[in-house]
Amino acid sequence: MSFEEYAALARQLSAQHRAGEQHAAAESARRRDLHAAVDYLQQRLSAQGQRLDQLGRAIGIDQPPPAPAPPPTPPGSGDGGPAGAAGAPGRADVGAYPQLPAGEARLALPTAVSPAGGGVPAQRSAAADPAVELELARRMADEADRHGQQAELLAQRPALLPTWSPLARAVAVYAGCGAAAGVLVLILVLASGVGLVDGFTLGAWICAGLPAVAFFGGYLVLGRWGRPAMVAGTPPRYLPLGFLICFLLVPMAYCAYLLMVRGLR
């Protein structure tokens, strides 16, 4: 071999060595990026799991208990006990191979076939690209974040009139309780007309009893169904406004009844 051929071979080997080093460096960088992406996704999934646990506790869903571990399997022996997946093929409690009847088991044994025959097993699918799988996992994590944000927005709304403002909700609740108390006023007025209720009792219920019942009823309804699941503390119940509505609406119902009776006469 001449010196020129030796030098050309050395340059070729050096170029191959540099190419191999560059490929190894690129592969190492790719692996580091993949590991960093895996760690990031793991942190995101852990945070999503904790947030879902918080949402579940906020809406009253208990966490399911962990599944009990299966009992330990004794080692195989001559008495027919299981001896692991390799020692007991075909057993249903091992799961190494599907359990088949005796006739089908004989048919299922591997037979020697030619490569050109129809019994050649299918080729194994190519290994998945880790970068593609990580990208799919990232997209699913983004979708989970979007659904989690929607769930949080829904959890921040109360069950009663969720699209209404707190003030409008309070007015509607107190007015509804006052209207129900107004119906009771009409019943008491009819009972007073037939002598079942005297005038003092009727006046006491109209001026104090039924308005107080309507006020506390609205207060309890707002505390039970007007509180969002994800809001800490108690939302405003507008007590002065509720007191005013209830203690005005009930006597107004009685006055409206009197005017209606006078008009009919």
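**Stop one: a helix pair**

The model is predicted, so local features need pLDDT of at least 70 and side-chain atom pairs count only at pLDDT 80 or more, while totals for chains, interfaces and linings use all residues. Residues are numbered from 1 along each chain as its sequence is written, and side-chain values use heavy atoms, with hydrogens and water left out.

Helix α5 covers residues 166–193 and helix α6 residues 199–225; their axes come within 8 Å and cross at roughly 150°. That makes α5 roughly antiparallel to α6 (angles over 145 degrees count as roughly antiparallel, under 35 as roughly parallel, 65 to 115 as roughly perpendicular and the rest as oblique). The axes are lines fitted to C-alpha atoms, for helices over the stretch in contact, with angles from 0 to 180 degrees between N-to-C directions. Helices here are DSSP runs (H or I, at least four residues; strands are E, at least two), numbered from the N terminus.

Now show side chains where the two meet. On the α5 side, the contact residues include Arg169, Tyr174, Cys177, Leu184 and Leu188; on the α6 side, look for Trp205, Ile206, Phe215, Tyr219 and Leu222, among others. Contact means heavy atoms within 4.5 Å. By class, there are 18 nonpolar, four polar and one charged residues in it (Ala, Val, Leu, Ile, Met, Phe, Trp, Tyr, Cys and Pro count as nonpolar, Asp, Glu, Lys and Arg as charged, and the others, Gly among them, as polar).

**Stop two: Tyr174 and the rings**

Zoom in on Tyr174, in helix α5. Is Tyr174 buried or exposed? It is buried, with a relative accessible area of 0% (buried means under 20%, exposed over 50%, partly exposed in between, with a 1.4 Å probe and protein chains only). Beyond residues up to four places away in sequence, Tyr174 touches Phe215, Gly218, Tyr219, Arg237, Tyr238 and Cys246, among others.

Next, select Tyr174, Phe215, Phe216, Phe243 and Phe247 together: they form one aromatic cluster. Rings of Phe, Tyr and Trp (its six-membered ring) pair if their centres lie within 6.5 Å; planes under 30 degrees apart count as stacked, over 60 as edge-to-face and the rest as tilted. By this rule the count comes to four aromatic pairs. Tyr174 and Phe215 are stacked, because their ring centres are 6.0 Å apart and their planes at 10°. With Tyr174 in α5 and Phe215 in α6, the pair ties together parts that are 41 residues apart in sequence. Phe215 and Phe216 are edge-to-face, since their ring centres are 5.3 Å apart and their planes at 70°. Check the surface too: Phe215 counts as buried at 10% relative accessibility, whereas Phe216 counts as exposed at 51%.

**Stop three: two loop residues**

Tyr238 is found in the loop between α6 and α7 (239–264) and has a positive phi near 55°, although it is a residue other than glycine. At 30% relative accessibility, Tyr238 counts as partly exposed.

Then jump to Leu161, in the loop between α4 (130–155) and α5. Leu161 has a positive phi of about 50° and is not a glycine; at 28% relative accessibility, Leu161 counts as partly exposed.

**Last stop: zoom out**

Colour by secondary structure, and you get seven helices and zero strands.
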